[in-house]
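Please look over the following structure and read the report beside it.

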Amino acid sequence: MTLVLKLFISVLILIVITVPWFYTAEASPVDEGLPNWFIYSLFMSVVFSLFISYAIGRFWDQLAGENSMDSDPDKKD
Amino acid sequence: MEKGIFILDSTGIAVVIVYLILLIIIGLAGRFARKENSLDDFYLGGRNLGIIVLLLTLYATQYSGNTLFGFSGSAYRNGFWFLLSVTFMMAVIAGYLLFAPRLYYLSRHKRYLTTSDFIQDRYNFRPLSILVSLIGIVALCNFILSNLKAIGLFVESGSANISMAQGVITFAFIVVLYETLGGMRSVAWTDVLQGLVLFVGCLLIFGVIIFKLDGLHVLTVNLREVRPEFWNPPTFDQKLSWLSSILIVGFGISLYPQAIQRIYAAKSKSVLKRSLQVMVFLPIVTTLFMLTVGWVGAAKIPDLGKEASDTITVQMLNFIITEVPHLQVLLIVFVAAVFAAIMSTVDSSLLSISSSITKDIYAPLRPHSSQAELTLFGKLISWMLMAAMTVLALITQDTIWRLIEIKLELLIQIAPAIFLGIHTKKVCAVPVFAGLIVGTAITLLYVIAIKLGSDIPVRPFGIHAGLWGLIVNLAIIGLGSFLKNESPDGEKLT
């Protein structure tokens with residue numbers, strides 16, 4: 001599996017889990033403060049942003065393919 | 001309009017006039033800094049944007065009048081569910097992660113100017129690159145439209161005696177003036193000022209709401225009394241729609257032609273990397289803060305109708321200065337932020353459309369045109385386009401959020417051509433072209449059917465029509481490329 005595919009799948013999974021799938025009206029009694037599902041989703045969004053920031057720093061050069069064998073931008077198919 | 005205190009009183013208007021004059025001066029400075037009369041210099045600022053300029057121009061371009069009005073308006077109507085907008089603004093940067101590194105690298109070697117330059121270089125199929133260009137143009141026209149509409153609504157509801165038409169015409173004129181003075185350099189430099197003002201403005205209004213209006217108490221106690229349904233977890237359909245919105249908007253925004261041009265315009269790889277690493281956190285201090293305005297607004301000013309709810313931001317400003325009059329001077333900074341957000345987005349979109357029409361459509365028809373002639377043609381396009389958009393902004397009836405969605409549902413259709421085109425040689429031109437046509441047609445037909453009053457859901461099964469179009473688009477590309485099997489091996493293009 002290529003790096004970009006791994007990253008794409010990671011991004012998709014993280015996006016999917018930012019949605020509060022497991023919170024339902026029955027399972028989320030209204031207490032005080034903000035809704036639990038809101039806090040969960042906000043927290044997961046922060047995790048998502050941390051991952052993206054890390055991935056940009058860590059994998060940029062590999063994604064750019066600057067050093068790979070087929071990186072020559074003038075090479076034709 | 002009912003009588004009351006308005007944020008755009010004589011002091012507010014004076015500040016706005018000074019601000020607009022500043023923008024024109026910066027635009028002039030961009031003009032004098034021009035190094036040559038070429039498309040590269042005019043549309044990409046000589047590919048020399050440093051970290052501060054690039055970060056702030058990306059920020060000012062990505063956050064627009066839609067953020068300040070559309071998002072808060074939607075938060076007002078939909079409640080905490082609209083938290084999804086924070087995630088999709090982060091997903092934009094995830095989109096960049098997947099294609100910007102390679103695209104930037106290629107653009108340095110191949111001197112791309114527009115998105116279509118990459119498409120033409122990768123697929124060598126003119127109908128495809130023209131179609132990508134046309135979709136970008138239509139999407140950006142929609143973007144300009146929604147932003148001009150936002151500025152008109154703001155001016156009209158924030159002042160006692162300025163009409164929407166006066167607001168739209170004045171701001172459209174100023175934007176097209178400084179944009180045609182210095183192109184990308186003027187636009188990026190004005191974006192520095194506009195980005196700073198936008199950032200400070202969002203911090204300010206959030207701070208005022210939390211500390212002066214006891215925002216946390218309003219959010220957790222008062223709001224529940226007025227809108228208890230906000231506390232209900234989203235239904236399954238809403239969750240699907242949540243996911244669909246993140247995918248459509250997040251990846252759609254990353255494909256904005258003007259954002260791609262900023263990738264090309266970065267001075268270096270590290271400048272671009274650092275800018276994006278910061279950008280991913282900005283939804284927390286921009287989008288989330290504006291959503292808070294909408295939620296607190298729902299408690300403080302309930303019962304606004306659908307269209308009026310798009311003015312909740314300005315209604316809250318008027319409300320705050322009525323409650324706490326001595327804050328008016330501070331809140332005028334937010335007024336400037338509103339203009340900054342809108343103008344920076346409109347100028348970038350305008351520049352991008354102008355470059356697409358000039359480089360992708362006009363230049364191939366007139367191959368012997370000089371760079372100066374092409375640049376002049378691009379400027380004329382900007383003026384004509386802005387005139388048309390001004391008229392449309394005054395007559396369109398859609399809510400701002402709906403206009404954003406339509407634009408992105410179209411734009412997302414070019415995602416496979418770019419994402420797959422960058423990372424694999426296995427997709428070929430004709431299936432990509434066919435997929436793009438069918439995906440776009442599905443999206444457009446659906447939007448038109450709803451416009452004509454058809455009794456079909458806006459989002460079938462909670463998923464945007466654009467995403468259904470994208471699924472068909474991808475299926476056609478997959479099947480077509482498999483059958484054609486032109487390039488069975490290899491990973492990267494060119």
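B:Leu28 is partly exposed, because 15 other C-beta atoms lie within 10 Å of its own; by definition, a residue is buried if 20 or more other C-beta atoms lie within 10 Å of its own, exposed if 12 or fewer, and partly exposed in between, with C-beta atoms placed from the backbone. B:Leu28 belongs to helix α1 (residues 10-32) of chain B, where helices (H or I, at least four residues) and strands (E, at least two) are DSSP runs, numbered from the N terminus. Between the C-alpha atoms of B:Leu28 and B:Leu55, which are 27 residues apart along the chain, the separation is 22 Å.

This is a predicted model, in which local features need pLDDT of at least 70 and side-chain atom pairs count only at pLDDT 80 or more, while totals for chains, interfaces and linings use all residues. Residues are numbered from 1 along each chain as its sequence is written, and chains are lettered from A and ligands numbered from 1 in the order in which they are written.

## Further single residues

| Residue | Other C-beta atoms within 10 Å | Class |
|---|---|---|
| B:Leu385 | 20 within 10 Å | buried |
| B:Arg111 | 13 within 10 Å | partly exposed |
| B:Asp303 | 8 within 10 Å | exposed |

B:Leu385 sits in helix α17 (residues 371-395) of chain B and, not counting residues up to four places away in sequence, touches B:Leu350 and B:Ile353; two residues are in contact if their C-beta atoms, placed from the backbone, lie within 7 Å. The C-alpha atom of B:Leu385 is separated by 31 Å from that of B:Ala429, and these two are 44 residues apart along the chain.

B:Arg111, in the loop between α5 and α6 (115-123) of chain B, has a positive phi of about 60 degrees although it is not a glycine. B:Asp303, in the loop between α14 and α15 (312-323) of chain B, is a residue other than glycine that has a positive phi, near 75 degrees.

Is B:Thr115 buried or exposed? B:Thr115 counts as buried, because it has 30 C-beta neighbours inside 10 Å. It is found in helix α6 of chain B, and, leaving out residues up to four places away in sequence, B:Thr115 touches B:Val132, B:Gly136, B:Pro257 and B:Ile260. B:Thr115 and B:Leu392 are 277 residues apart in sequence, and their C-alpha atoms are 26 Å apart in space.

## Chain B as a whole

Chain B has 21 helices and 0 strands. Its radius of gyration, taken over C-alpha atoms, is 22 Å, close to the 23 Å that the globule rule gives for 494 residues, so chain B is as compact as a globular protein of that length; the globule rule is 2.2 Å times the number of residues to the power 0.38. Along the principal axes, the C-alpha atoms of chain B fill a box of roughly 65 × 55 × 40 Å. Of the 494 residues in chain B, 61% are buried, and among the contacts with a separation of 6 or more, 86% are between residues 24 or more positions apart.

The largest nonpolar core has 184 residues, and those with the most contacts inside it are B:Met90 and B:Ile93; such a core is a set of buried Ala, Val, Leu, Ile, Met, Phe, Trp, Tyr and Cys residues joined through C-beta atoms within 7 Å. Helix α8 (residues 164-212) of chain B gives the most to this core, with 19 residues. Leaving aside neighbours within four places in sequence, the contacts of B:Met90 include A:Ser45, A:Phe48 and A:Ile52 in chain A, together with B:Val280 and B:Pro283 in chain B.

In helix α9 (residues 215-226) of chain B, B:Gly215, B:Val218, B:Leu219 and B:Leu223 are buried. Seen down the axis of α9(B), these buried residues fall within an arc of 95 degrees, so they line one face of the helix; the arc is that of the directions from the helix axis to the C-beta atoms. The face turned away from the buried side of α9(B) carries the exposed residues B:His217 and B:Glu225, while what covers the buried residues includes α8 and α14 (287-300) of chain B.

Chain A has 2 helices and 0 strands, and 27% of its 77 residues count as buried. Helix α1 (residues 3-18) of chain A packs with helix α5 (residues 84-110) of chain B at an angle of about 175 degrees, with their axes 11 Å apart. That makes α1(A) roughly antiparallel to α5(B), since angles under 35 degrees count as roughly parallel, over 145 as roughly antiparallel, 65 to 115 as roughly perpendicular and the rest as oblique. Here axes are lines fitted to C-alpha atoms, for helices over the stretch in contact, and angles run from 0 to 180 degrees between N-to-C directions. Among the residues of α1(A) that meet α5(B) are A:Val4, A:Leu7 and A:Phe8, and the residues they meet in α5(B) include B:Thr87 and B:Ala91.
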